[in-house]
Amino acid sequence: MSAESDEEFRDFMRGRWPAMVRLAYGLTGDQGHAEDVAQAAFARAYASWSRVTRTGDPDAYVRKIVINENLSRFRKRRVAEDLVGAVPEGPPRSVADAPGDSETLLRALRKLGPRQRAVIVARYWMDMSEAETAAALNCSVGTVKSQASRALATLRGSAELMEGELQ
């Protein structure tokens, strides 16, 4: 890559790093895994930066890489998801500032499967449209709607969320 492209990528990464870590944190529920996923996603984006910039929306492209990188953690190593029971001491600033009890929400999100969690995080945490979510997850808008509906039903029935509302 040219020095100009390197600088362009550095500026992009500096500006988007917090948002991508926040997305990965919502998907993984673990700060360390979130940083690993975001770092791997940016490494993949750097390797094909000219292609990423040609898309016209590098932010959406890297979001898709983050989501795919998280899903590939399970495919590549056949790692069982093992999320901790407590939120880490230092959640990302944006998570700590989220409305409501973020620890309760993260506990409830852990009960969802990776695909449903990805839909909920993308749609409601990252405020992406159904079409953007479908593009990021490489599925149809109908799949996003059905996965979101099922996930929201599960979350509505979550004991943790119900207790959090009563307090």
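## Aromatic pairs

The structure holds six aromatic pairs (rings of Phe, Tyr and Trp, the last by its six-membered ring, with centres within 6.5 Å). This is a predicted model, where local features need pLDDT of at least 70 and side-chain atom pairs count only at pLDDT 80 or more, while totals for chains, interfaces and linings use all residues. Residues are numbered from 1 along each chain as its sequence is written, and side-chain values use heavy atoms, leaving out hydrogens and water.

Let's look at one pair. Phe-9 belongs to helix α1 and Phe-42 to helix α2, so the pair ties together parts that are 33 residues apart in sequence. Both Phe-9 and Phe-42 are buried (under 20% relative accessible area, with a 1.4 Å probe and protein chains only). One aromatic cluster includes these two along with Phe-12, Trp-17, Tyr-46 and Trp-49.

Helix α1 spans residues 3-28 and helix α2 residues 31-47; their axes come within 8 Å and cross at roughly 145° (axes are lines fitted to C-alpha atoms over the stretch in contact, with angles from 0 to 180 degrees between N-to-C directions). By class, their contact has 14 nonpolar, four polar and three charged residues (contact means heavy atoms within 4.5 Å; Ala, Val, Leu, Ile, Met, Phe, Trp, Tyr, Cys and Pro count as nonpolar, Asp, Glu, Lys and Arg as charged, the others as polar).

## The whole chain

The protein chain has ten helices and zero strands (DSSP runs: H or I of at least four residues for helices, E of at least two for strands). Of its 167 residues, 41% are buried.

Note on methods: Buried means under 20% relative accessible area, exposed over 50%, partly exposed in between (1.4 Å probe, protein chains only). Rings of Phe, Tyr and Trp (its six-membered ring) pair if their centres lie within 6.5 Å; planes under 30 degrees apart count as stacked, over 60 as edge-to-face and the rest as tilted.
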